[in-house]
Amino acid sequence: MGKALVARAPGGPEVMDWVDLPDGRPGRGEVLLRHTAIGVNFIDIYYRSGLYPWPEATMIPGAEAAGVVEAVGEGVTDLRVGDRVAYVLPFGAYRETRVVPADRLVPLPAGIEPATAAGALLKGLTAQYLVTASYRVQAGDTVLVHAAAGGVGLLLGPWLAALGATAIGTAGGPEKVALARRHGYAEVIDYRADDFVAEVVRLTAGAGCNAVYDSVGADTWRGSLKCLRRRGVFVNFGQSSGMIRDFALSDLAAGSLTAIRPVLFDYIVTRAELLTRSADLFARITDGTLQLDVVNTRPLRDAGAVHADMEARRTMGSTVLLA
Ligand code: NDP
């Protein structure tokens with residue numbers, strides 16, 4: 001038996017109940033994990049609130065976790081009881097134990113702690129595919145990133161800097177601006193105080209950016225398009241301020257722009273792709289490129305309070321729930 005946070009209906013953080021759930025037995029190709037650390041991501045809020053549809057009547061949010069293998073199902077040959085692993089799946093991780101398909105598990109290299117993995121796997125794989133696949137960043141590029149002091153934002157800054165790009169960030173308030181500046185961003189704009197489009201024009205001497213990574217959505221997308229240079233790429237990978245509803249393809253005619261709306265799970269479809277991208281991420285953690293110094297920890301039971309803080313824009317870096 002283990003504890004879990006189960007949302008009984010779409011709504012606010014209060015819809016998640018702390019309940020007992022049986023452990024489950026691993027079937028063919030599955031393992032039973034005991035979670036040690038569970039990452040909190042904005043996607044958990046999209047599911048809890050009902051912005052993303054639920055496949056069943058109730059929902060356990062949670063898109064990434066790290067843990068230890070407790071039991072191995074038939075046909076699983078590459079994992080043993082006691083192995084340390086982590087995974088990303090769209091939902092279902094806010095629980096102490098879970099049966100997971102073995103082919104979705106990433107073994108943790110020595111030196112990478114479970115809390116580190118749970119705070120960095122989903123966000124880091126996202127940063128990895130964004131800079132290598134959604135738009136392939138080149139040395140010398142200038143790139144704009146919104147919510148630069150957030151979980152994904154603090155990983156994108158140093159990653160972009162390591163690729164030789166000039167990263168311009170936006171963040172809400174002086175404390176977040178100062179934090180992003182310490183994480184790879186050459187310039188950071190307080191977009192609650194200043195017009196970020198005017199600032200990008202000024203900082204790039206009118207040239208604009210090669211790409212914009214925009215996870216804020218409704219509030220920023222129009223301005224983001226204006227920050228691009230001719231033939232620039234608009235990467236909209238989230239909507240923390242709400243869905244983009246009024247976009248027209250003809251909006252891209254102002255400079256022959258490209259737009260993409262990528263989703264992590266389409267970039268880790270095969271096990272080989274999952275492991276290749278994870279290896280790149282773990283290498284960037286162990287060589288010190290990524291600074292994982294802003295990981296907040298809370299007990300699993302407090303996930304609702306973390307959601308409330310994220311929705312109110314009070315969090316910085318990533319938050320990990322300890323099971
Ligand atoms: P963050 O830690 O970045 O939190 C979201 C941040 O968005 C806030 O801290 C806030 O920063 C900013 N924000 C701007 N407007 C609002 C608003 N109205 N309400 C709340 N927040 C707002 O979250 P994550 O690192 O977990 O995720 C970042 C984004 O990346 C999310 O949109 C998420 O959905 C997306 N994502 C997409 C993936 C994909 O594959 N497509 C995968 C992973 C994440 P500030 O105060 O500085 O404005």
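Colleague: What should I know about the model before we start?
Modeller: This is a predicted model, where local features need pLDDT of at least 70, side-chain atom pairs count only at pLDDT 80 or more, and totals for chains, interfaces and linings use all residues. Residues are numbered from 1 along each chain as its sequence is written, and side-chain values use heavy atoms, with hydrogens and water left out.

Colleague: In what order do the six strands sit in the open sheet?
Modeller: The order is S10-S9-S8-S11-S12-S13, and the pairing is parallel. Strands are DSSP runs of E with at least two residues, helices are runs of H or I with at least four, and both are numbered from the N terminus. Two strands pair if DSSP finds at least two bridges between them.

Colleague: Which strands stand at the edges?
Modeller: S10 and S13 (258–260) do. Each has a single partner strand, so one side of each is left without a neighbour in the sheet. The twist averages 15 degrees from one strand to the next. Angles run from 0 to 180 degrees between N-to-C directions, with axes fitted to C-alpha atoms, for helices over the stretch in contact.

Colleague: How many bridges join S11 to S12?
Modeller: Five, and the two strands run parallel. Asp-214 has Asn-236 in S12 as its bridge partner. On the S8 side, three bridges join S8 to S11. There, Val-143 pairs with Ala-211 of S11.

Colleague: Is S11 mostly covered or uncovered?
Modeller: Mostly covered: six of its six residues are buried. Buried means under 20% relative accessible area, exposed over 50%, and partly exposed in between (1.4 Å probe, protein chains only).

Colleague: New topic. Which residues of H5 are buried?
Modeller: Phe-196, Val-197 and Val-200. They cover an arc of only 105 degrees around the axis, which puts them on the same side of H5. That arc is taken from the directions from the helix axis to the C-beta atoms.

Colleague: What covers them?
Modeller: The cover includes strands S8, S9, S10 and S11, plus helix H6 (221–226). Contact here means heavy atoms within 4.5 Å.

Colleague: What caps the N-terminal end of H5?
Modeller: Asp-195 does, with a side-chain oxygen 3.0 Å from the backbone nitrogen of Val-197.

Colleague: And what follows H5?
Modeller: Ala-205, whose phi is positive, near 50 degrees.

Terms used: A polar contact is a pair of N or O atoms within 3.5 Å; within protein, one must be able to donate a hydrogen and the other to accept it, and residues adjacent in sequence count only if both atoms are side-chain atoms.
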